[in-house]
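Dear colleague,

I am handing over the structure we spoke about, and I would be grateful if you could look through it alongside the notes in this message.

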Amino acid sequence: MTSQVSDRSHGDRAADEPRWLDAEEQKAWRAWLYSTQLLQDRLDRELTHQTGISHAYYEILVALSETPGRMMRMSELADRCLSSRSRLSHAVSRLEERGWVRRQVCAEDGRGQLAVLTDEGFAALEAAAPVHVESVRTHLFDQLSPAQVAAMRDIGETLLRHLDPSS
């Protein structure tokens, strides 16, 4: 094995050898990973503390509010919220307890279930939205220059094209 490695030219590598990150890539990866985790945690804590709505529940309400009739198939909602179907079902049950979402059978096929945003749920979303947007502005956009915001958008759109088949 040692002779095979030493016989390779410097630029070659075995097909099964990992493409290790260099020092700069490692720094960029860690900064992006930790900052996004800290940002998500901060947004969730502030939203929950000030409104009683977790960030995950807020995203469900937003997704429903942006669809015609404020309703969506449960499976589609799970995909949109990047959630497992069982986790989404549990979250929708909690939102039903609050009167913010209700389930109904899909009239088109009689098998699927729809999550429907109620008027009470829409009102809760409207009340929470200013808190959420201020938190996003304070902890993200106020920290960046216009050039950094443009770069962040470009990076995000590039990654979405690669990772999200629906983009």
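What follows is a short account of the salt bridges, the charge-ring contact, the backbone and the surface.

Please keep in mind that this is a predicted model, in which local features need pLDDT of at least 70 and side-chain atom pairs count only at pLDDT 80 or more, while totals for chains, interfaces and linings use all residues. Residues are numbered from 1 along each chain as its sequence is written, and side-chain values use heavy atoms, with hydrogens and water left out.

Salt bridges

Taking a salt bridge to be a side-chain nitrogen of Lys or Arg within 4 Å of a carboxyl oxygen of Asp or Glu, the count comes to 7. One of them joins Asp-41 to Arg-45, with the closest N and O atoms 2.9 Å apart; these two residues are 4 residues apart in helix α2, and so are separated by about one helical turn. Helices here are DSSP runs of H or I with at least four residues, strands are runs of E with at least two, and both are numbered from the N terminus. For accessibility, buried means under 20% relative accessible area, exposed means over 50%, and partly exposed lies in between (1.4 Å probe, protein chains only). Asp-41, at 37%, counts as partly exposed, and Arg-45 is partly exposed with 45%.

Helix α7 (residues 146-163) holds Arg-153 and Glu-157, which are 4 residues apart, about one turn of the helix, and their side chains meet in a salt bridge at 2.7 Å, N to O. Of this pair, Arg-153 is exposed, with a relative accessible area of 58%, whereas Glu-157 is partly exposed at 33%. A salt bridge also links Glu-96 and Arg-103 at 3.0 Å, N to O, where Glu-96 is partly exposed at 30% relative accessibility and Arg-103 is partly exposed at 21%.

Arg-70 is found in the loop between α3 (55-65) and β1 (71-73), and has a positive phi of about 50° although it is not a glycine. The charged end of Arg-70 sits over the ring of Phe-122, 4.5 Å from its centre; the criterion is that NZ of Lys or CZ of Arg is within 6 Å of the ring centre and within 35 degrees of the ring normal. The relative accessible area of Arg-70 is 22%, which makes it partly exposed. Leu-82, in the loop between α4 (74-80) and α5 (85-97), likewise has a positive phi of about 50° without being a glycine, and Leu-82 is exposed, with a relative accessible area of 80%.

Leu-21, Trp-29 and Trp-32 make a nonpolar surface patch of about 330 Å². Patches are made of residues with over 30% relative accessible area and no salt bridge, like charges being joined within 9 Å and nonpolar side chains (Val, Leu, Ile, Met, Phe, Trp, Tyr) within 5 Å, and the areas come from the Shrake-Rupley method with a 1.4 Å probe, for which only the protein chains shown count as cover for residues. Trp-32 is found in helix α2 (residues 23-51) and is partly exposed, with a relative accessible area of 46%.

Helix α2 is also the place of Leu-39, which, leaving aside its neighbours within four places in sequence, is in contact (heavy atoms within 4.5 Å) with His-139 and Leu-140. Leu-39 and Arg-94 are 55 residues apart in sequence and 25 Å apart in space, C-alpha to C-alpha.

With kind regards
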